[in-house]
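Please examine the sequence and the model below. The paragraphs that follow them are meant to be read alongside the coordinates.

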Amino acid sequence: MNKKLSPLLCILRLCSSASFMMPQIRTALSISQYHSSTTRQFSSDQNDQIVTVSLETSSGTKELQIQKGEILRSAMLRRGSSPHNGRARLINCRGLGTCGTCAVEIESSDNNNSGGGAVEPNERNTKENIRLNFPPHGSSDQSTNLRLACQVQVMDDITIRKRTGFWGQDTTSELAEEYDAELWFGELEYVLDNKSPPREEE
């Protein structure tokens, strides 16, 4: 008799356990659905976190799609373009803000000086003020739009121009040629960048 009832008792016990676990199961499913919908939401919002940097050189205009909040120097290097001219690609301060070789003219999409609200900080910081007022920078006809690419975060669409000279210091209308990025030290090129957001999965 007991043997005949054993399968029935097992089924009843399983049903009882399942009923007992239902709240936990519902909770787990709800959490899973929440994360799934959140992931979809993040995916749909990714385009809102992308801004365009239009790089103007003597070679033409090149558009770089970057993450909002990236340091300009890091963003350019990661996408194969250098903010440095010629040999300055090797001989530079790697983002310390002391060499001045990553100097570029920045305009926002609405033509505000120094990028307006399209870059942060809006105005030159202390490092920029010191370096951009020290030779070979600092001439009386220096563009007010000149900034250090290693010191600004890009928050909106901007246009940048690179002038000629080792430091990009030329004040004529002549644009420098486009130089490809050369990452001599690999990821150490970005070791001083503590402001750019985490990189998106590619």
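The account below moves from the sheet to the core and then to the cysteines.

This is a predicted model. Its open sheet comprises five strands in the order β2-β1-β7-β3-β5, with mixed pairing. Because β2 and β5 stand at the edges and each has a single partner strand, one side of each lacks a neighbour in the sheet. From one strand to the next, the twist averages 35°. Within the sheet, β3 and β7 are joined by four bridges in the antiparallel sense; here Glu105 has Arg161 of β7 as its bridge partner.

The largest nonpolar core contains 23 residues. Val53, Ile66, Leu72, Ile106, Val154, Ile158 and Ile160 are the residues with the most contacts inside this core. At least two core residues come from each of β1 (50-57), β2 (60-67), α2 (72-78), β3 (103-108), β5 (146-148) and β7 (158-161). Ile160 illustrates the packing: beyond its neighbours within four places in sequence, Ile160 is in contact with Val53, Ser54, Leu55, Glu56, Leu72, Met76, Val104, Glu105 and Ile106.

The cysteines remain to be considered. A disulfide is a covalent bond between the sulfur atoms of two cysteines. The criterion applied here requires the two sulfur atoms to lie within 2.5 Å, and by this rule the count is zero disulfides. Cys99 is in no disulfide, and the nearest cysteine sulfur, that of Cys93, is 3.6 Å away.

Note on methods. Residues are numbered from 1 along each chain as its sequence is written. This is a predicted model: local features need pLDDT of at least 70, side-chain atom pairs count only at pLDDT 80 or more; totals for chains, interfaces and linings use all residues. Side-chain values use heavy atoms; hydrogens and water are left out. A nonpolar core is a set of buried Ala, Val, Leu, Ile, Met, Phe, Trp, Tyr and Cys residues joined through side-chain atoms within 4.5 Å. Buried means under 20% relative accessible area, exposed over 50%, partly exposed in between (1.4 Å probe, protein chains only). Contact means heavy atoms within 4.5 Å. Two strands pair if DSSP finds at least two bridges between them. Axes are lines fitted to C-alpha atoms, for helices over the stretch in contact, and angles run from 0 to 180 degrees between N-to-C directions.
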